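The following exercises concern a single protein chain. Please work through each task before reading its solution.

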Amino acid sequence: MAFFVSDAMVTVPKTQASDVALDEIRELFKDDHVRIALIVAPDGRLVTTLEREDLLAAASSDGRAARLGTLADRTVLPSDSLA
């Protein structure tokens with residue numbers, strides 16, 4: 001039996017607004033269960049993703065978090081194989 005990403009994905013993920021501050025993302029990552037932050041535009045479109053390591057590139061705690069993230073190698077289609 002083949003399994004697809006849609007069989008295991010979270011259908012209502014927690015998201016952050018595209019203007020979320022770095023300090024807010026740092027606070028979010030204090031929870032060990034959080035693996036990735038999904039940054040979305042007001043229309044719900046995924047703008048970028050952030051992992052803890054992305055925050056290392058931030059020179060300070062000021063600014064918007066969205067400028068540090070990426071979608072490359074972090075997104076898949078629901079129809080992709082779960083394997």
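Helices (H or I, at least four residues) and strands (E, at least two) are DSSP runs, numbered from the N terminus. The model is predicted, so local features need pLDDT of at least 70 and side-chain atom pairs count only at pLDDT 80 or more, while totals for chains, interfaces and linings use all residues. Residues are numbered from 1 along each chain as its sequence is written, and side-chain values use heavy atoms, with hydrogens and water left out.

**Exercise 1.** Determine where Met 1 and Val 5 lie, and whether each is buried or exposed.

*Solution.* Step 1: Met 1 is placed in the segment before strand 1 (15-17), and Val 5 is found in the segment before strand 1. Step 2: apply the cut-offs, in which buried means under 20% relative accessible area, exposed over 50%, and partly exposed in between (1.4 Å probe, protein chains only). Step 3: Met 1 counts as exposed because its relative accessibility is 90%. Val 5, with a relative accessible area of 15%, is buried. Step 4: look for the residues around Val 5. Contact means heavy atoms within 4.5 Å. Leaving aside neighbours within four places in sequence, Val 5 has contacts that include Val 76, Leu 77 and Pro 78. The C-alpha atoms of Val 5 and Val 76 are separated by 7.8 Å, although these residues are 71 residues apart along the chain.

**Exercise 2.** Describe how strand 2 and strand 3 are arranged.

*Solution.* Step 1: two strands pair if DSSP finds at least two bridges between them. Step 2: strand 2 and strand 3 (residues 46-50) run antiparallel and are joined by 4 bridges. In one of these strands, strand 3, Thr 48 is the bridge partner of Ile 39. Step 3: the two strands form a hairpin with 5 residues between them, and Gly 44 in the turn has a positive phi of about 90°.

**Exercise 3.** Explain how Arg 26 and Asp 23 are related.

*Solution.* Step 1: a salt bridge is a side-chain nitrogen of Lys or Arg within 4 Å of a carboxyl oxygen of Asp or Glu. Step 2: Arg 26 forms a salt bridge with Asp 23, and the closest N and O atoms are 4.0 Å apart. Step 3: because Arg 26 and Asp 23 are 3 residues apart in helix 1, about one helical turn separates them. Step 4: Arg 26 is partly exposed at 28% relative accessible area, and Asp 23 is partly exposed at 41%.
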